[in-house]
Amino acid sequence: MRAVVGDEAAFESLVRPLVEPGLHLALSMLGNRRDAEDATQEALTRAWRKLHQLRPGMPVRPWFFAIIANQCRNMRRTPWFRLTSVVDVVHREPAPEPGIEHLDLERGLEQLPATDRGALFLHFYLDLSIEEVAATLGVSPAAAKSRIYRACHRLRPAVALEELR
């Protein structure tokens, strides 16, 4: 693989199709576009430095998404992230009202922990297999499947409540 030996053009062609979905993954985990862009940019830099870990035949998507997920988790742990998150909440403009058909789902997703949102996003939005979700999250396939199931189970009451109204 040319990217592994330092070919920048090969690296770009390898990760370019993954940047936009990676940004969406970061946004689902961090909840803020600016932070998601920062995490994605840092993940690209880390991916370049960690190319030696990529072995022939190893799937690139879960490898790259794992780097993004780890970067998001690292960002969430910093005091700076917590401070800027508080500032964003205080100075946030009201979000445009989503379409009524998405309102219950969005509210339900907001109530889930970031790890659950990430698992759902990887599986249902990015269409990653259970094995790819597991590789991205650094867990076994059984654990990934359980996390997705539990997240759906936690999401179900919020959606059901809206349906009853």
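Does aspartate 127 count as buried or exposed, and what is its relative accessibility? In this predicted model, aspartate 127 has 60% relative accessibility, so it counts as exposed.

## The loop residue Asp127

Let's stay with aspartate 127 for a moment. You'll find it in the loop that links helix H6 (114–125) and helix H7 (130–137). Its backbone is worth a look too: phi of aspartate 127 is near 60°, a positive value, and the residue is not a glycine.

## How H2 and H3 pack

Two packed helices are described by the angle between their axes and the distance between the axes. For helix H2 (residues 33–49) and helix H3 (residues 60–77), the axes come within 9 Å and cross at roughly 125°. The crossing of H2 with H3 is right-handed.

Who does the touching? On the H2 side, the contact residues are Asp35, Asp38, Ala39, Glu42, Ala43, Leu44, Arg46 and Ala47. H3 brings Trp63, Phe64, Ile67, Ile68, Gln71, Cys72, Asn74 and Met75. Sorted by class, the H2–H3 contact has ten nonpolar, two polar and four charged residues.

## Cysteines

Cysteine 72, one of the H3 residues in that contact, has 0% relative accessibility, so it counts as buried. Cysteine 152 has a relative accessible area of 25%, and because that lies between the 20% and 50% cut-offs, cysteine 152 is partly exposed.

What about disulfides? A disulfide is a covalent bond between the sulfur atoms of two cysteines. Searching the whole structure turns up zero of them.

Key
Residues numbered from 1 in each chain as written. Predicted model: local features only at pLDDT ≥ 70, side-chain atom pairs only at ≥ 80, totals over all residues. Heavy atoms only, no water. Disulfide = S-S within 2.5 Å. Buried < 20%, exposed > 50% of the residue type's maximum accessible area, 1.4 Å probe, protein only. Axes fitted to C-alpha atoms, helices over the stretch in contact; angles between N-to-C directions. Helix = DSSP H or I, 4+ residues; strand = E, 2+ residues; numbered from the N terminus. Left-handed = near helix turned anticlockwise from the far one by under 90°. Contact = heavy atoms within 4.5 Å. Nonpolar A, V, L, I, M, F, W, Y, C, P; charged D, E, K, R; others polar.
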